[in-house]
Amino acid sequence: MSVLKGKKIVLGISAGIAAYKTAHLVRYFIKAGAEIRVIMTPASKDFVTPLTLSTLSKYPVASNFYSKNDDSAVWNSHVDYGLWADFMIIAPATANTMAKMAHGICDNLLLATYLSAKCPVYFAPTMDLDMYLHPSTLKNMATLSAYGNICIAATSGELASGLVGEGRMAEPESIVSFIEKELSKDLPLKGKKVMITAGPTYESIDPVRFIGNHSSGKMGFELAKEAANLGAEVLLIAGPSNEVLSHSLVERVDVVSAQDMYDVAHAGYQSCDIVICAAAVADYRPKNVATLKLKKSSGELALELIKTKDILASLGAQKQGQFLVGFALETDNEINNALGKLKKKNLDLIVLNSLQDKGAGFKKSTNKVTLIDKSEKISEFSLKSKAAVAVDIFNEIISKINA
Ligand code: CTP
């Protein structure tokens, strides 16, 4: 998921040939889950139609200070647009529009909105080679940067005039990834590496049978998504699960058995800052795995089970500054059992699930957790979606690592 999800964006379009590319830009923003209001300068409508942009942005395009609607006029408040937006982007930003922005001229709705916007403003210049290199354009761009506006630099290439050089508006994909990177800079887990184990493990009996459990992996996947939304680079080690997660900051490694999960977790451990073991790892596995399918016989079948390695306990024993979080699923004497695991496995935080709580546990989309830290501070949370529980868990982790 993109950091753009839920963001409110005002896209200002001025009159350059690159305006035709804004249809793609709007599409990318909408696909990323953002909300968009498009403001066009009157002349830009010669390059791309308001109908295209209102259809793609799912909202009427504004261009004038008021829209004539039958006999009544509807005021397009530049102040409201400016206050509504999380950020504004002016793309393409022509030499003319940048000159006016730099000098406080506001003779159209786009410029008046720019002047009243309190949010960050990005601008993507575009113009022909000599206009781009003219000292007045360079000075205006420097003035805009000095105002705190963020320039998404033009690239070099063939220009509409046929000249070759600097002045092409950055491609819509590059504009989107530039802004995504800028927005991630302020995120609390930016620069941190987070490893998460999730889902069940399957322990083979023979080529067709295994010992498994009912874990869906949902809690671990929600944690991975939240960590990535907070800017972390995430290694998600997933046992067999139907959950899906697509995020540019999440690397997913699929494993099957406890031993596979152990190996991947240990290989990635040293470079991690935060590790959360949310997987329901099998505690036992068959001592011998039959190479051929076991056949029915008249008698009973006894399986000899041996212990799997405890991944979390092993990571706790080798801890070197990582913030280590475990889960405890309990049915009785919950707090004491969880505290026992926290100490035995050398954890910084343990997330207690009680199967006594309605709506908590396996295969549910909700969870009810109690967090216990090293100082035995207990924080109880209400029943909520697993996504919201992931937010609570990371709030607690972030407050602890920043303390
Ligand atoms: N865990 C692990 N590797 C294992 C078993 C458990 O990493 N082989 C982790 C789980 O991911 C969880 C925590 O240890 O974070 C607690 O697991 P749980 O099964 O509740 O506790 P156990 O220590 O196995 O004790 P018991 O099953 O007896 O309650």
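Student: What separates the centres of domain 1 and domain 2?

Tutor: In this predicted model, the centres, taken over C-alpha atoms, are separated by 46 Å. Domain 1 covers 8–184 and domain 2 covers 193–401, with bounds that come from an automatic or database domain assignment.

Student: Which conventions should I keep in mind?

Tutor: Residues are numbered from 1 along each chain as its sequence is written, and side-chain values use heavy atoms, with hydrogens and water left out. As the model is predicted, local features need pLDDT of at least 70 and side-chain atom pairs count only at pLDDT 80 or more, while totals for chains, interfaces and linings use all residues.

Student: Why is helix 1 called roughly parallel to helix 2?

Tutor: Helix 1 (residues 22–31) and helix 2 (residues 50–57) pack at an angle of about 10°, with their axes 9 Å apart. Axes are lines fitted to C-alpha atoms, for helices over the stretch in contact, and angles run from 0 to 180 degrees between N-to-C directions. Angles under 35 degrees count as roughly parallel, over 145 as roughly antiparallel, 65 to 115 as roughly perpendicular and the rest as oblique. The pair is therefore roughly parallel.

Student: Which residues make that contact?

Tutor: Helix 1 brings Thr 22, Ala 23, Val 26, Arg 27 and Ile 30, and helix 2 brings Thr 52, Leu 53, Leu 56 and Ser 57. Contact means heavy atoms within 4.5 Å. By class, five residues are nonpolar, three polar and one charged. Here Ala, Val, Leu, Ile, Met, Phe, Trp, Tyr, Cys and Pro count as nonpolar, Asp, Glu, Lys and Arg as charged, and the others, Gly among them, as polar.

Student: How are helices and strands themselves picked out?

Tutor: They are DSSP runs, numbered from the N terminus: helices are H or I with at least four residues, and strands are E with at least two.

Student: What makes strand 2 and strand 7 edge strands?

Tutor: The open sheet has five strands in the order 2-1-5-6-7, with parallel pairing. Strand 2 (35–40) and strand 7 (150–151) each pair on one side only.

Student: How do you know that strand 1 pairs with strand 2 and with strand 5?

Tutor: Two strands pair if DSSP finds at least two bridges between them. Six bridges join strand 1 to strand 2, and four join strand 1 (residues 8–13) to strand 5 (residues 87–93). Ile 9 shows both sides: its bridge partner in strand 2 is Ile 36, and Phe 87 stands opposite Ile 9 in strand 5.

Student: Why is strand 1 called largely enclosed?

Tutor: Five of its six residues are buried, so strand 1 is largely enclosed by the rest of the structure. Buried means under 20% relative accessible area, exposed over 50%, partly exposed in between (1.4 Å probe, protein chains only).

Student: Is Thr 370 buried or exposed?

Tutor: Thr 370 has a relative accessible area of 10%, so Thr 370 is buried. Thr 370 lies in strand 21 (residues 369–373). Not counting residues up to four places away in sequence, Thr 370 touches Ile 335, Ile 350, Val 351, Leu 352, Ile 378, Ser 379 and Glu 380.

Student: And why does Ile 335 count as partly exposed?

Tutor: Ile 335, in helix 12 (residues 334–344), has 31% relative accessibility, so Ile 335 counts as partly exposed.
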